[in-house]
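Open the model in your viewer and keep the selection tool at hand. The stops below go from one selection to the next.

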Amino acid sequence: MSTPFKSLVLPYDLTPVPPGTMETLKNILHGEGSTLHVFHVLDIYEETPMGYPLPPEYSAEMEKVVCQEVKKLADLYRADGIETTAGVYRGRVDRTIIEVALHKKADAILLLSHGKGILGRILLGSASNSVLHHSPLPVILLKPDETRKDLLRSFTETDPPVNLIDTFARSDASGQGF
């Protein structure tokens with residue numbers, strides 16, 4: 001079986017990766033020559049919180065920690081048999097995600113949702129939302145297992161939607177027509 005996705009990029013915001021992501025990734029991205037690029041974007045606006053620049057030693061330490069965490073996640077995927085590269089970039093998060101994906105010639109962008117809900121998106125903003133709306137590439141959004149299970153439960157506990165074509169076809173077969 002072949003997959004249309006030979007190359008994915010995975011922006012990583014350093015929060016815990018939802019369980020099950022590794023298995024899902026292996027199902028999406030498989031086959032010889034498939035690659036994953038894990039990366040973090042250091043937001044250019046983080047360096048001047050409330051208009052005051054961060055001390056250089058803080059920035060250097062932050063860069064070091066970010067590089068270690070991205071490398072650690074890339075190594076985890078690599079150890080599980082996924083050809084993986086890693087990177088850390090500076091820029092506006094949403095725009096840089098798309099630019100990295102295009103530069104890497106990715107087939108799609110893989111975003112991990114944290115299931116924050118609407119209040120979290122309003123209060124914190126959402127680079128993911130911006131990428132979803134502005135990316136010229138397909139975007140795959142993975143939700144955490146617990147969020148996915150809650151959503152599945154809420155949809156399976158309701159009646160399925162009625163297909164009007166079936167309804168009209170039955171009435172047409174009975175001779176009543178549309």
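Select arginine 78 and aspartate 75 in helix H2: they are 3 residues apart, so about one helical turn separates them. Helices here are DSSP runs (H or I, at least four residues), numbered from the N terminus. This is a predicted model, where local features need pLDDT of at least 70 and side-chain atom pairs count only at pLDDT 80 or more, while totals for chains, interfaces and linings use all residues. Residues are numbered from 1 along each chain as its sequence is written, and side-chain values use heavy atoms, leaving out hydrogens and water.

The side chains of arginine 78 and aspartate 75 form a salt bridge, 2.4 Å from N to O. The term means a side-chain nitrogen of Lys or Arg within 4 Å of a carboxyl oxygen of Asp or Glu.

By relative accessible area, arginine 78 (38%) is partly exposed, as is aspartate 75 (29%); partly exposed lies between buried (under 20%) and exposed (over 50%), with a 1.4 Å probe and protein chains only.

Next, select glutamate 99 and arginine 95, a salt bridge whose closest N and O atoms are 3.1 Å apart. These two lie 4 residues apart in helix H3.

Finally, show H3 (residues 93–103) with H5 (residues 127–134). Which residues meet there? Val93, Asp94, Ile97 and Ile98 in H3 meet Ala127, Ser130, Val131 and His134 in H5, contact meaning heavy atoms within 4.5 Å.
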